[in-house]
Amino acid sequence: MATSELKTNDPGIDPATGEYRVIGPGQTFRSVTEKISRIVLTPHTPLGWFALFGIGGAVATMLLVAVTWLFLVGVGIWAISQPVAWGFAIINFVWWIASAMRAR
């Protein structure tokens, strides 16, 4: 069989151009674009989305403030006033590293 015969029998080939179809039959580039953009460009964003976005932003801001305070003041904010109390930070670190290694 010649390659020209294979191309004409292949349903993925456009008979008018002889090239592979990029989109399905009955679709146009405009219809595909409108279908995709309809999902993204909705005219109304639900209020719940804004509420959750605000809560997430507030939590992220609190995290940033807490980490900045930790770096400026030090681990004394954990009420570590004795050298032995460093054991909590070290054991916590080792615990999470070990957990991460087991998860792999």
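Which residues form a nonpolar patch on the surface?

1. In this predicted model, the nonpolar patch on the surface is formed by Trp86, Ile90, Phe93, Val94, Ile97 and Met101, and the accessible area of these residues together comes to about 620 Å². One of them, Met101, is found in helix 4, which covers residues 86-103.

2. As to the overall fold, the protein chain contains four helices and zero strands, and reading along the sequence gives the pattern α-α-α-α.

3. Helix 2, made up of the 12 residues 29-40, reaches 17 Å from its first C-alpha to its last, a value close to the 16 Å expected at 1.5 Å a residue. Because the number of buried residues among the 12 of helix 2 is zero, this helix lies largely in the open.

4. Helix 3 runs over residues 47-73 and holds 27 residues, which should span 39 Å at 1.5 Å a residue; the end C-alpha atoms of helix 3 are 39 Å apart, so the two values agree. Just after helix 3 comes Gly74, which takes a positive phi of about 110 degrees.

Key:
Residues numbered from 1 in each chain as written. Predicted model: local features only at pLDDT ≥ 70, side-chain atom pairs only at ≥ 80, totals over all residues. Heavy atoms only, no water. Patch = residues over 30% accessible without salt bridge, like charges linked within 9 Å, V, L, I, M, F, W, Y side chains within 5 Å. Areas by Shrake-Rupley, 256 points an atom, 1.4 Å probe, with all protein chains shown as cover. Salt bridge = Lys/Arg side-chain N within 4 Å of Asp/Glu carboxyl O. Helix = DSSP H or I, 4+ residues; strand = E, 2+ residues; numbered from the N terminus. Expected span 1.5 Å × (residues − 1). Buried < 20%, exposed > 50% of the residue type's maximum accessible area, 1.4 Å probe, protein only.
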